[in-house]
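Biologist: I'd like to learn how to read sheets and packed helices. Can you walk me through an example?

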Amino acid sequence: MPDDPADLLRQRGYRVTGQRLAVLRAVSREPHMTADAVAKTVRAELGAISLQAVYDVLGVLGDAGLVRRIQPAGSAARFEARVSDNHHHVICRVCGRTADVDCSVGSAPCLTAVDDMGYEIDEAEVIYWGRCPECRATASQLKGGQHGRREHVPGRAFDRAPVEP
Ligand SMILES: [Zn+2]
Ligand SMILES: [Zn+2]
């Protein structure tokens, strides 16, 4: 993050608190973290903070436009500090690893729908689902050994159940 997070909060009229800064730092350092993971990182830095408090701070940072929340189907919400470009995501069905993908066609943000139906569109949310290189490698090893007995369950192979506030 190029700008000082404390300045960003102040510019947007939000009070600067230790928790807000710690959450913002955590999300900037490691994009697409779940709230659980953010809580662990922040605890390592600040000591005790409840998961609910982390959700509250993430909500405030979202309102402030400093954090973007993505909600993949069948997974816990993930948070990132790359907010300004409406980029998309590619997610591994097997391990849940998430990466940034730039807009598919034309220039970002690709908010120009063929027909906007009269809506005022401010966000285009695209998630590409598939298998990451590591999971593909593991799958082809398994295939070699046991002739493809590995089941493929689309969309719900995450190791953790969704956690919502
Ligand atoms: Zn994977
Ligand atoms: Zn992202």
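Modeller: Two strands pair if DSSP finds at least two bridges between them. Strands (E, at least two residues) and helices (H or I, at least four) are DSSP runs, numbered from the N terminus. This is a predicted model, where local features need pLDDT of at least 70 and side-chain atom pairs count only at pLDDT 80 or more, while totals for chains, interfaces and linings use all residues. Residues are numbered from 1 along each chain as its sequence is written, with chains lettered from A and ligands numbered from 1 in the order in which they are written.

Biologist: So what is the order of the open sheet with antiparallel pairing?

Modeller: That one runs E1-E3-E2, with 3 strands. Strands E1 (33-34) and E2 (68-70) each have a single partner strand, so one side of each has no neighbour in the sheet. E1 joins E3 (residues 78-80) through 2 bridges, and Thr34 has Arg78 in E3 as its bridge partner.

Biologist: Which order do the strands of the mixed sheet take?

Modeller: E5-E4-E6, again an open sheet of 3 strands. E4 (residues 88-92) pairs with E6 in the parallel sense over 4 bridges, and Val90 stands opposite Tyr128 in E6.

Biologist: And how are packed helices described?

Modeller: By the angle between their axes and the distance between the axes. Axes are lines fitted to C-alpha atoms, for helices over the stretch in contact, and angles run from 0 to 180 degrees between N-to-C directions. Here H3 (residues 35-46) and H4 (residues 51-63) pack at about 105 degrees, with axes 9 Å apart. That makes H3 roughly perpendicular to H4 (65 to 115 degrees counts as such).

Note on methods: Parallel < 35°, antiparallel > 145°, perpendicular 65-115°, else oblique.
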